[in-house]
Amino acid sequence: MSWRRGGGAGADGVARRWVLLLCVGSFCLGLLFTNRMWTLPEASEIAIPNERKGKESELMAGDCSIRKVQGKRDYGDMLHMSDTHHDAQTLDKTIANLETELSAARTLQDSFLNGSPVSEEYKASESTGRRKYLMVIGINTAFSSRKRRDSIRNTWMPQGEMRKKLEEEKGIIIRFVIGHSAISGGIVDRAIEAEDKKHGDFMRLDHVEGYLELSGKTRTYFATAVALWDANFYVKVDDDVHVNIATLGNILSKHILKPRVYIGCMKSGPVLSDKDVRYYEPEHWKFGEVGNKYFRHATGQLYAISKDLATYISINKHVLHKYINEDVSLGSWLIGLDVEHIDDRRLCCGTPPDCEWKAQAGNTCAASFDWKCSGICNSVQNIWGVHKKCSEGEKALLTASF
């Protein structure tokens, strides 16, 4: 019995040792397995936050850099603000000059395309360079007005060398303005060419003459004149009006620094809807109810506009609407612009005794005519009497300084 107890005890010892070894082995295997499972995820999780952190740091640093650069730019813009404003003004002037040159090129191109002769003045300006003039005076005339033109040549319009001297020394251009007949090259056109060859005082337009086409003629005149001559002012006057050139020059020269001026005797007459009356307005319905008046505009006998406005008309001539009355048309072209309207009554004096009394009082008129005739009544016979009593005298023009 003793032997059995001893054998049992030995067996239990052996079993316990195997169990202990098995537990230790299992523990080691479990520990090894656990370490291998956790190592890879831990490395991944640590790498990702570090990478994000690095990117966030870069973004923050970049944002700070951008803010610093932006701050420097704003500061630089503030420092150079005045220079930028000056550059903008210079650019505006450059654009205006380019627009004028473009207008001149367009006018020349139209003349070529339509077969119209190119003015000698334009050829000269292209070869010698454009000089600055005070004003261009365009005298509106017709084919049948030869006697009116001669009466003006014999009174207030200088001739020959005196006219050339006026251009060179005073910067004043004077031309009779006329287009061509419906049949270009006809007898009336040849008569104008012969007259121009004798006097050299015409400005020919690419325009078909006709009383109902005065608005179109006025538009073409300004476009052509601004292309031919670089002047401060462009004047339109009828061929039955007496003009004192020096007085007109003195009036205009006072406004030479203003960019957009429209000078004349401003009026606002009734819109006439009766077909049987003179100055009937076919588009009277555009001006509202019957009995309404026109917007303020210069009377058509004489008015002047500055270079910027003449350039505007030249550039936009194809889209400017023509009313039946040319003075209304001009007023409508300028009514929506930033233009200074200057009302000067010295541009619309009456014939003697009105202009005579004013001349004696030292307030010489620039233009004289009869309101009832929209010009000097029977001007061919009467303009010499107006010139004798109301003229400023030849010395006034010679000694004038504009």
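View 1. Please keep in mind that the model is predicted. The protein exposes about 23,800 Å², and carbon and sulfur atoms supply 58% of that area. Among contacts with a separation of 6 or more, 76% are between residues 24 or more positions apart. As for secondary structure, you will find 13 helices and 9 strands.

**View 2. An open sheet of 7 strands.** If you trace the sheet across, the strand order is E3-E2-E1-E4-E7-E6-E8, and the pairing is mixed. Strand E3 (202-208) and strand E8 (340-343) stand at the edges; each has a single partner strand, so one side of each is left without a neighbour in the sheet. From one strand to the next, the twist averages 25 degrees.

**View 3. Strand E8 and its partner E6.** Here we zoom in on E6, residues 261-267, which runs parallel to E8 and is joined to it by 4 bridges. To find your place in this pair, look for Gly 264, which stands opposite Asp 343 in E8.

**View 4. Helix H5 over two strands.** Helix H5, made of residues 160-170, lies across strand E1 (132-140) and strand E2 (172-180). The helix runs at about 120 degrees to E2.

View 5. Which strands does helix H9 lie across? Residues 307-315 form this helix, and the strands are E1, E4 (230-238), E6 and E7 (297-306). Relative to E7, helix H9 runs at about 100 degrees.

How values were computed. Residues are numbered from 1 along each chain as its sequence is written. This is a predicted model: local features need pLDDT of at least 70, side-chain atom pairs count only at pLDDT 80 or more; totals for chains, interfaces and linings use all residues. Side-chain values use heavy atoms; hydrogens and water are left out. Contact means heavy atoms within 4.5 Å. Accessible areas come from the Shrake-Rupley method with a 1.4 Å probe; for residues, only the protein chains shown count as cover. Two strands pair if DSSP finds at least two bridges between them. Axes are lines fitted to C-alpha atoms, for helices over the stretch in contact, and angles run from 0 to 180 degrees between N-to-C directions.
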